[in-house]
Amino acid sequence: MKITDLAVYCSSSDHIQPVYFAHAEALGTMMAAQNINLVYGGSRVGLMGQVAKSIKQHQGKTIGVVPEALHIEGVVNTIDDEQIITPDMHTRKAKMIELADGFIGLAGGFGTLEEMLEVMTLKQLGYHNKPIVFLNTAGYYDHLLQMFEHIYAENFAKAEYRQLYHICNTPEQAVKYLADYQPPDLPAKWFV
Ligand code: AMP
């Protein structure tokens, strides 16, 4: 599947280990090399800022989707090729989902988790069938993935829903997974 626009969900924090920045930088470089545009929160802070910077350094294209309330000088990025301002956070998230052919979550906090879980739940309900990748830098998502296993073990979701998302340890693996992606044939959500 050809991915033209990739939504990258990731940290707005700068106070994190260099290994997370290294993966964000490598992902940006690979996206630019493969003409994959960045759809993201349009912020210059944290891993968001790093991915965008790396893409622009390699002549790639970035699209920032920013809610009015977060359009703050010093936070919002000024290097984007396109900036879409939305009236609120809900519209912003919907716009990013609409624009993107796929989703990748780098390490992040509550905002990133919310975005990743939203695209997973929408896929679970059949609203889209686009690829979703966790970039598990330095095992950052191991605890969350354990929680997912607990969800299957306790029958809060069908085990087949492991196919909703894919876990990668490196940006190379993530980009390859996205390029080779075949939408899975998922069972209906309901246990009826
Ligand atoms: P967090 O993981 O809590 O640091 O939040 C990061 C995620 O939430 C990103 O993927 C963004 O889409 C969104 N986000 C958080 N802060 C901002 C901001 N200042 N500007 C744009 N998006 C943001």
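Select S11 to start: this residue is buried, with a relative accessible area of 6% (buried means under 20% relative accessible area, exposed over 50%, partly exposed in between, with a 1.4 Å probe and protein chains only). The model is predicted, so local features need pLDDT of at least 70 and side-chain atom pairs count only at pLDDT 80 or more, while totals for chains, interfaces and linings use all residues. Residues are numbered from 1 along each chain as its sequence is written, and side-chain values use heavy atoms, with hydrogens and water left out.

S11 sits in the loop between β1 and α1; helices (H or I, at least four residues) and strands (E, at least two) are DSSP runs, numbered from the N terminus. Show the side chain of S11 and the backbone of S13: a polar atom of that side chain lies 2.7 Å from the backbone nitrogen of S13. Then display the contacts of S11 (heavy atoms within 4.5 Å). Not counting residues up to four places away in sequence, S11 touches I16, V45, G46, L47, M48, A107, G108 and T112.

Next, select strand β1, residues 5–9. Here 5 of the 5 residues are buried, so the strand is largely enclosed by the rest of the structure. From β1, L6 and V8 point one way, and D5, A7 and Y9 the other.

Strand β2, residues 37–40, runs parallel to β1 and is joined to it by 3 bridges. L38 in β2 stands opposite L6. Between β1 and β2 the chain passes through helix α1, residues 18–33, in a right-handed β-α-β crossover; right-handed means that, with the strands pointing away from the viewer, the path from the first strand over the helix to the second runs clockwise. Strand β5, residues 102–105, also pairs with β1 in the parallel sense, over 4 bridges. Look for G105 in β5 opposite Y9.

Of its 30 residues, L6, V8, M31, L38, L47, I104 and L106 touch the most other members. Helix α1 gives the largest share, 7 residues.

Finish on I104. Leaving aside neighbours within four places in sequence, I104 is in contact with L6, A7, V8, Y9, L27, M116, V133, L135 and A174. Another core, of 24 residues, lies apart from the largest one and includes I97, A100, Y141 and A157.

Methods
Pairing = 2+ DSSP bridges. Core = buried A, V, L, I, M, F, W, Y, C linked by side-chain atoms within 4.5 Å. Polar contact = N/O pair within 3.5 Å; in protein donor to acceptor, adjacent residues only side chain to side chain.
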